[in-house]
Amino acid sequence: MVVQQAGSVREIGQGRFVQEARSFSEALGQRISGNTEVVLALRSLFTANPMLSRLDFERVASEMDVGLRYAGVRSLSFTRRVDGADKQSYEQRVRADTSLSPDGFPDFAIHPPGERPEYFVAEYIWPLESNRSVLGLDISAQPTNLAAMQYARDSGRTVVSAPFDLLQEETHRAGIVIRVPVFDPTIGTPERRFMGAAATTIRVYDMVRGLERQGLLQGITVSIADVGSGDGGLVDNVVRPIVEATGNGLPGAEPYVRLLSVHDRRWRLTFYPTHTFLSPYEARLPWMAGLAGVLVSLLLATTVGLLVRQRTSALARLRMAERARHESEQRFLALFNQTTVGVAQVDGAGNLVKVNQCYADMLGYSPEELHGMNFRVLTHPEDLDANIEQLQRLRAGEIPECRFEKRYIHKKGYPVWVELAASPMWMPGTSPDDHIAIVQDITARKLMEANLRANERRLRSVLKRLPIGLCLIHDDGRISFRNQRFVQICGYTEAEVPTASEWWRRAFPQDVERRAARSLWMHADQHSRVAEGVIPQMEFEVTCADGKRRPIEVSGVFVKGGRIVTMQDLSQRKAAESEINSLAYYDPLTSLPNRRLLMDRLQQALAASERHQRSGALLLLDLDNFKTLNETRGHDQGDNLLRQVAERLRGCVHQDDTVSRQGGDEFVVVLEDLGDNPEQAANLGEEMGQRILHALREPYVIDGETHHSSLSMGVTIFSGMQETAEELLKRADLALYQAKDAGRDTLRFYDPKMQASVSARAAMELDIRAGLAQGQFELYYQPQIDRGRITGAEALLRWRHPQTGFISPAQFIPLAETTGLILPLGEWVLQSACASLARWAQEPAFAKLNLAVNVSPRQFHQSGFVSQVLAALAGSGTDGRRLKLELTEGLLLADVEDTIEKMGQLRAYGVGFSLDDFGTGYSSLSYLKRLPLDQLKIDQSFVRDVLTDPNDAAIARTVVALGTSLGLRVIAEGVETQAQREFLERHNCHAWQGYLFSAPVPVAEFEAMVLRTNVEGSTGV
């Protein structure tokens, strides 16, 4: 009997222990459910207003008073998903939020730092002050928290995170987050985009201690651990401690383990008794059982009393929990009824279980009238099928949330447009088919949209009939609207050119033209975007659909999402402008500029002459005996002759020069940029005048008959703006009369000095021709020295005139270049030089001498130059290796490839090349490497000041170094002092020529000098 009684007593103690543990477990589950209700209320706020202000969030969170009502709640928050590409703009937006503080949040930044594809950022947090370190926290740094967030996003359900450490706590840091997903309220897409999650963070230790203060955990200790997911959503079976044992259990006592489902997680609650649940009397009862039956009866009575008292205590705790649940429901109902959007709970059959006042007011009913009504009765028939389809998908779990626009029928019979968001309810005690609907009245917005559509239709009708072309181009290049005139101007329909890029391609088929035009437009577009938003008018000539070219004027103005572009056809305006311009500025008979345009161009020519310090010429032309033609053959034939004269004049001059008809048979030609000085301009002006005279002497065909005509010409030179345009015309007119007096068919210069210069030039040209024929030209030789020996000479042309004596090469060489006489002169020099080399080859003292000959650019670039040189070599029997041709840098600029080819041909016959006056031109070093040169010649302008000018000294040294690096010999010309020679030798330039040794001398003197220097060993210096 004692053993049996002992077992019964233990069962009683164990029953009391288990009952206390179960009471705590149920109270803990109810507390978590209460916290979940708070999070659901937050989700409703963000569903109704995704961009809820920070001030409104703070006010709502404060009114919930969760800090006092829910032990363990550390914060309420909203965590927003941020795409990695939007990180910077998101941080700037949060920093600029001044709804809570005038300064905003200037230091806000997502942390921990680092670049990630997406962020889950704690954007709203309450209370802010104690959780400021959490603001901006990317929960990606907390793996368990991140896993819960991702599962909430994928499942659409309320989830609880695995336990994690709370950063703001020092002890008992384990916390959890109850999280409800919030989806983007964008209308029109079947799949909702995940926006973030509303959540509450709970310190579980405080929640346990709060229940303990309410009378639970009497005589027991509990430890809590998370043992993983409870519904298979997350693959997680790791055991994580949440709360360590709240006290010390009885030694040897057996634990009681209970699993608690916390949404998608499972918690293991392990209980131990801290003391026996039996009184001392109950503990001794088995041993006293044998003493007396009376005592047994008394003990049984006592036991029953204790059981009754224990049951009474449990019922009291149950009533306390029920009261707490009731208070939580009341707070939720207050929030439910006070929110500014309509909220309704709908069961699986579509009946309204509960609605708030705002929902009822929206439809004109009371909440009591709506209770039990089916949403189908309230829905507009045309929207019912789509509504049912969305709810079926929601219940089937295809979508986590549905959102759409629909029409309700008001109690008074008129439609009410609403925006409805529905999400499933997963709260304990509710059917899995129930859902919560958040409803906003958008009737006013729909009315406004209808008005906007009507206005848009009217506007489109007006725009389509505008007399100017118009189109709307979006930022992505699409052309979404074009009116009739736009299509008429270019001919391109919407099917042909759906985008702006395609329009540019069709309107400008040529790549170069298209790139230039589009670049001009894009520059104006970008400038206008940051300025006033108006693209200025621009003119283009486009290719239309029919292949014709058409001038258009295009402008634009920026609007949201793109720009409106206008287009006008300028064809008629351009034609009218061209006709007006032609009548105002051009001669109708010859289409040449008339006197008005001539005066304008002449004034521009004078200004350009002044600005660039260049000279020009004005030619006044008058047809000889034109009056006779008019009188004998009629004015029609005279007009025909004038048109032919105008055509020939245009063919004689450059495109930039001006040919004008003054009136009658008088024409004017303006020649610009003829030279640096009046003398040069006079020479070139005379050449052009003679060309015109020659061209107009050719016979004309008038009405099938040949007619001969000539003209007289007056020429005046201008340099700058010393004379006016009228004064120049007067001077040219006086010169024209001089030409008439001289017998017609000729030209005369106004300035006597200019006339003298031209006459002298013509006389010298005749003398050169005579000099060539009479042998007045001869070669002089200037020795070239290398380390004290004469290694060769430079052949220099001299002209011994029979009347005036020696004439400087500076006078006759430029004239020879201009007139082309340089060609026979150059050929004579080559033949004479080769003859000297052939003669020297027979004498041992002269056989190794080289002879350098200067070649002019005009001579070198003539087609037969190579043949000319080879003929001179062959005719004299000269070894080509002894002949050196000196070329100037200017010669290289004309045609580099032709130069290289000719040099290569001559190089094959041993002919050498020296680059004369090196450093004074603009030759490219890249070409220098390609030219088959033997020698560089330092120009005398650098040698002259090599001792006084550091720049010249540096250039001389550079030329020597460059020649050495390229494997070329270097020679200096113009050496006149011993100091100059010593400077050159110090810098490894040992070859030189100049007056220090000898001036250019006749051949006999040169040969004698060679004998003295090379044979006898004296330099004569």
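This is a predicted model: local features need pLDDT of at least 70, side-chain atom pairs count only at pLDDT 80 or more; totals for chains, interfaces and linings use all residues.

Analyst: Residues are numbered from 1 along each chain as its sequence is written, and side-chain values use heavy atoms, without hydrogens and water.

User: Is α15 oblique or roughly parallel to α16?

Analyst: Helices (DSSP runs of H or I, at least four residues) and strands (E, at least two) are numbered from the N terminus. Helix α15 (residues 500–507) packs against helix α16 (residues 511–530) at about 135 degrees, with the axes 10 Å apart; axes are lines fitted to C-alpha atoms, for helices over the stretch in contact, and angles between N-to-C directions run from 0 to 180 degrees. Under 35 degrees counts as roughly parallel, over 145 as roughly antiparallel, 65 to 115 as roughly perpendicular and the rest as oblique. The angle therefore makes α15 oblique to α16.

User: Which residues of α16 make the contact with α15?

Analyst: Contact means heavy atoms within 4.5 Å. From α15, the residues involved are S501, W504 and R505. Their counterparts in α16 are R514, A517, R518 and W521.

User: Which strands stand at the edges of the open sheet of 5 strands?

Analyst: Strands pair if DSSP finds at least two bridges between them. The order is β22-β23-β21-β26-β27, with mixed pairing. Each edge strand has a single partner, so one side of each is left without a neighbour in the sheet. The edge strands are β22 (658–663) and β27 (747–749).
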